[in-house]
Every structure is written in C-alpha cells, then in structure tokens.
Amino acid sequence: MSEVKTYVVVDGQTLDTAQYALPQNRNFSDAWALGEDANHNQIIVIDVEKAKDVWKRRMRDARAPILTKLDAEYFMALEQNNTARSSEIAATKQLLRDVTKLPELLNATTIEEIEGVWPDYLKG
C-alpha cells in the first residue's frame, strides 16, 4: 500500500507537510508564510500582516448581513420620516464600515491581539 502525502501551498511553494510543523492556530492558514527558526531552518509561520487581512475579511463577511438588515430599516425610517431613527442607523452603518480600521487591529502585533478584536456590534 502506498503512503498518502499531504501538501500545503505557502508563499507559492508546495510543501510536504511531513517535513514541516504546521502552526497550531488554523484560523489563519491563509496567512501562513515561510520563515526561519533560530537554527536557520525553514519553518511555516503566521505572517501577522497577512493575518490582519484575513481577520478584516472575516469582519467584512460578518458585517454584510447586518448592513443589509440596517439598509432595510433605514429606508423604513425614511419612509416614516423618522429622522432620529435614520440618523441612528446611519451612525451604526458607519461604525460597521469602519470596523476594519480599528486601531486595536491595525496596531496588533500578535495573533492573540488580532483575535481579540471583535466588537460586540459584529455579533449582530
């Protein structure tokens, strides 16, 4: 019986997973990059800047249905001439649009810090 091999693509290179320790946090596999350990051996690491982009994409995905719901509520408020409600909704929508610009995310230097940035308003 032949041995089954598993490969991953990192930085455009196809790598045999039997020869590399994969990062334990699989939430950021799209952010994997090649790096070096203390002995200058090639290893797979999580690139923090790429991880921020992955997290921003997840935030955008999470906010999309919330924005859709708010759009409907906004138009209902406009139809009812409820300017207070339409202003409140507009402010919430802006908050959602700005979620990927939060300083806590932009200034994060570790994966744990990145994962810690998930405002309650993204939970719908």
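Arg58 lies over the face of Phe28, 5.7 Å from the ring centre; a charge is taken to sit over a ring if NZ of Lys or CZ of Arg is within 6 Å of the ring centre and within 35 degrees of the ring normal. The structure is a predicted model, in which local features need pLDDT of at least 70 and side-chain atom pairs count only at pLDDT 80 or more, while totals for chains, interfaces and linings use all residues. Residues are numbered from 1 along each chain as its sequence is written, and side-chain values use heavy atoms, with hydrogens and water left out.

The structure holds 3 aromatic pairs. Rings of Phe, Tyr and Trp (its six-membered ring) are paired if their centres lie within 6.5 Å, and planes under 30 degrees apart count as stacked, over 60 as edge-to-face and the rest as tilted. The pair of Phe28 and Trp55 is tilted, because the ring centres are 5.6 Å apart and the planes stand at 35 degrees. Phe28 lies in the loop between strand E2 (13-16) and strand E3 (32-36), whereas Trp55 belongs to helix H1, so this pair ties together parts that are 27 residues apart in sequence. Helices (H or I, at least four residues) and strands (E, at least two) are DSSP runs, numbered from the N terminus. Phe28 is buried at 0% relative accessibility, and Trp55 is buried at 9%; buried denotes under 20% relative accessible area, exposed over 50%, and partly exposed in between (1.4 Å probe, protein chains only). Together with Trp118, Phe28 and Trp55 form one aromatic cluster.

Tyr74 and Phe75 form an edge-to-face pair, with 5.9 Å from centre to centre and 75 degrees between the planes. Tyr74 is partly exposed, with a relative accessible area of 23%, and Phe75 is exposed at 51%. Lys93 lies over the face of Tyr74, at 5.2 Å from the ring centre.

The largest nonpolar core has 27 residues, and those with the most contacts inside it are Phe28, Ile44, Ile46, Ala51, Trp55, Met59 and Ile114. Such a core is a set of buried Ala, Val, Leu, Ile, Met, Phe, Trp, Tyr and Cys residues joined through side-chain atoms within 4.5 Å. Two or more residues of this core come from each of strand E1 (7-10), strand E4 (42-46), H1, H2 and helix H4 (111-115). H1 provides the largest share, 8 residues. Ile114 is in contact (heavy atoms within 4.5 Å) with Phe28, Val48, Ala51, Lys52, Trp55, Leu105 and Ala108, residues up to four places away in sequence not being counted.

Thr100 is located in the loop between H2 and helix H3 (103-106) and is buried, with a relative accessible area of 9%. Residues up to four places away in sequence aside, Thr100 touches Lys56, Met59, Arg60, Arg63, Leu105 and Leu106. The C-alpha atoms of Thr100 and Asp53 are separated by 9.0 Å, although these residues are 47 residues apart along the chain.
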